[in-house]
Amino acid sequence: MDLDKFAQHIEEVRQRQDILNQHAGESFFPQQDLLTQALEELQTSLEELHVAEEELLAQNEELALAYGLLEKERQRYLELFDFAPDGYLVTDTNGKIIQANHAATNLLKVAKKFLQGKVLSSYIPEEERRSFRQQLLNLHNMERIQDWEISLQPRHGNKFYCSTSIITVYDSEGNPTSWRWLLRDITARKRAEEQLRAIQIQNFQLQEAARIKSQFLSVMSHELRTPMNAILGFSQLMLRHYYHMLAPEIRTMVERIINSGKQLLALIENILDFSSLETGRAELRLQEFNLVELVTTITEELRFLAVQKNLTLAIHTNIQNPNIVTDRDLVRQVLVNLLDNAIKFTETGGVFVELQQLGQDQLTVMVRDTGIGIPEAELKNIFQEFWQLNQSTTRKHGGTGLGLAIVNKLVHLMNGTITVESRLSEGSTFRIVLPRRVGNGE
Ligand code: ADP
């Protein structure tokens, strides 16, 4: 409504009324009363018109205010659109670009003015264009597409992966008029996914290789054990039955065969143990027993080794309740291994076993020696399979480098932990912490 015209109109009516008022005062027509009444009505109408004018003016001001706010809001949305971190495009329903925000122009590496009017498919790599167009045709029957992964090829620069979501915009009659596109660069994500896939494949291959290795070791060990037992058995028999008939040098030779055979058998047993642990076949046979008693028995069994080398072998314990529920055979295997190593790698001094209680729920066994020690840098490798220190002592003693790897696995199987401290030429301490009670299914 044109308010000025309306005001002018009122003014004209008011002027005419004034004229009429003057004429009414001057004439003596009999219809004077009627005229006066008409004039009064006119006056009332005029006043009402004035009020209407005031209201219109007020409404007009409100409208102007609302329009200003709307404009501000529109500006804000334009800014949001333009500076959004993701690319936004508006295309017609043929895919021709009508509007593009800052991020979209950055993604496609084209200035805004050159982007407008181009078809989006011209930024799709040649080989994917057909399927892209096909999908656009499908879009005519859909309201939206969510997270459609496409590749985009800017005029200059590398092709990149993009996750696209599209919404169809309709006019008041429900006809589609345009599409709104959201473009998100997902190259980094895609690359990470590809790397993850490559790692998964590699991981699978490694697992498979480890499985085949363990299987091979286990089969080989079985195959080796049978003839080894025969060699050992017969040479022992030979020594026992024909001892007096054998010349001393032949006896020595047979003794060597027996010793080497025993070493080889121990080695085969180790490999067999390790491969069965690797394939996860080991199960705990739980029972309650006295740990101090077990440690004492083992120490006594191995005392002859320490005596041969003039080493002290002592146990120290201050456990009030030495009972433990775990796998007795595994604890024995672990301790025999640690004590055997401690004696093997100690030339002077001794080996000391210490038992302690760690709170209510854990027991600690420490095997300390005053032997050759392990260099600090090597400590981290000590529990790895087939690892040995390249020292003359190690070479002298042979072994497979499997003992501690097995010990480590067994201790973990019993939900325990093993740590080592060592100083070169001063000695080593292996410390095992075992839970007092290994629960079922733990
Ligand atoms: P093996 O004794 O059969 O070679 P282990 O796994 O038992 O295999 O030991 C691996 C290596 O760790 C040994 O060859 C030795 O170099 C080192 N080692 C183990 N125990 C001790 C110890 N108590 N003192 C010094 N070195 C040790």
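In the predicted model, strand β9 (residues 350–358) is paired with strand β10 (residues 362–369) in the antiparallel sense, the two being joined over 8 bridges. Within this pairing, valine 353 is placed opposite valine 367 of β10. Both strands belong to an open sheet of 5 strands, in which the order is β7-β9-β10-β12-β11 and the pairing is mixed. The edges of this sheet are formed by β7 (312–317) and β11 (417–423), and because each of these has a single partner strand, one side of each is left without a neighbour in the sheet. From one strand to the next, the twist averages 15°.

Helix α8 (residues 291–308) packs on this sheet, where it touches β7, β9 and β10, and its direction makes about 170° with that of β7. Two packed helices are described by the angle between their axes and the distance between the axes. For α8 and helix α9 (residues 328–344), the axes come within 10 Å and cross at roughly 35°, and the crossing is right-handed. On the side of α8, the contact is made by Leu291, Leu294, Val295, Thr297, Ile298, Thr299, Glu301, Leu302, Leu305 and Ala306, whereas α9 contributes Arg328, Val331, Arg332, Leu335, Val336, Leu339, Asp340 and Ile343. By class, the residues of this contact of α8 with α9 comprise 12 nonpolar, 2 polar and 4 charged.

Isoleucine 324 is located in strand β8 (residues 323–327) and is buried, its relative accessible area being 0%. When its neighbours within four places in sequence are left aside, isoleucine 324 is in contact with Gln287, Glu288, Phe289, Leu291, Leu363, Leu434, Pro435 and Arg436. Glutamine 287, one of the contacts of isoleucine 324, lies in strand β6 (residues 286–290) and, with a relative accessible area of 36%, is partly exposed. Apart from its neighbours within four places in sequence, glutamine 287 is in contact with Ile324, Val325, Thr326 and Arg328. Between glutamine 287 and leucine 404, the separation is 117 residues in sequence and 24 Å in space, C-alpha to C-alpha.

Elsewhere in the chain, strand β1 (residues 87–92) and strand β2 (residues 97–100) run antiparallel and are joined by 3 bridges. The bridge partner of leucine 89 in β2 is alanine 100. These two strands, β1 and β2, form a hairpin with 4 residues between them, and glycine 95 in the turn has a positive phi of about 90°.

Side chains of opposite charge can pair when their charged atoms come close. With a cut-off of 4 Å between a side-chain nitrogen of Lys or Arg and a carboxyl oxygen of Asp or Glu, the count comes to 15 salt bridges. One of these is formed by arginine 76 and glutamate 73, whose closest N and O atoms are 3.6 Å apart. Because arginine 76 and glutamate 73 are 3 residues apart in helix α2 (residues 32–83), they are separated by about one helical turn. Arginine 76 is partly exposed, with a relative accessible area of 41%, and glutamate 73, at 34% relative accessibility, also counts as partly exposed.

A further salt bridge is formed between the side chains of lysine 159 and glutamate 127, at 3.9 Å from N to O. This pair links distant parts of the chain, with lysine 159 in the loop between β3 (144–152) and β4 (160–170) and glutamate 127 in helix α5 (residues 126–139), 32 residues apart. Lysine 159 is partly exposed, at a relative accessible area of 38%, whereas glutamate 127 is exposed, at 58%.

In helix α6 (residues 187–241), glutamate 193 and arginine 189 lie 4 residues apart, about one turn of the helix, and form a salt bridge in which the closest N and O atoms are 3.4 Å apart. Both residues are partly exposed, the relative accessible area being 28% for glutamate 193 and 41% for arginine 189. Through salt bridges that share partners, Glu149, Arg189, Lys190 and Glu193 are joined into one network.

How values were computed
Residues are numbered from 1 along each chain as its sequence is written. This is a predicted model: local features need pLDDT of at least 70, side-chain atom pairs count only at pLDDT 80 or more; totals for chains, interfaces and linings use all residues. Side-chain values use heavy atoms; hydrogens and water are left out. Two strands pair if DSSP finds at least two bridges between them. Axes are lines fitted to C-alpha atoms, for helices over the stretch in contact, and angles run from 0 to 180 degrees between N-to-C directions. Contact means heavy atoms within 4.5 Å. Buried means under 20% relative accessible area, exposed over 50%, partly exposed in between (1.4 Å probe, protein chains only). A crossing is left-handed if the near helix is turned anticlockwise from the far one by less than a right angle, and right-handed if clockwise. Ala, Val, Leu, Ile, Met, Phe, Trp, Tyr, Cys and Pro count as nonpolar, Asp, Glu, Lys and Arg as charged, and the others, Gly among them, as polar.
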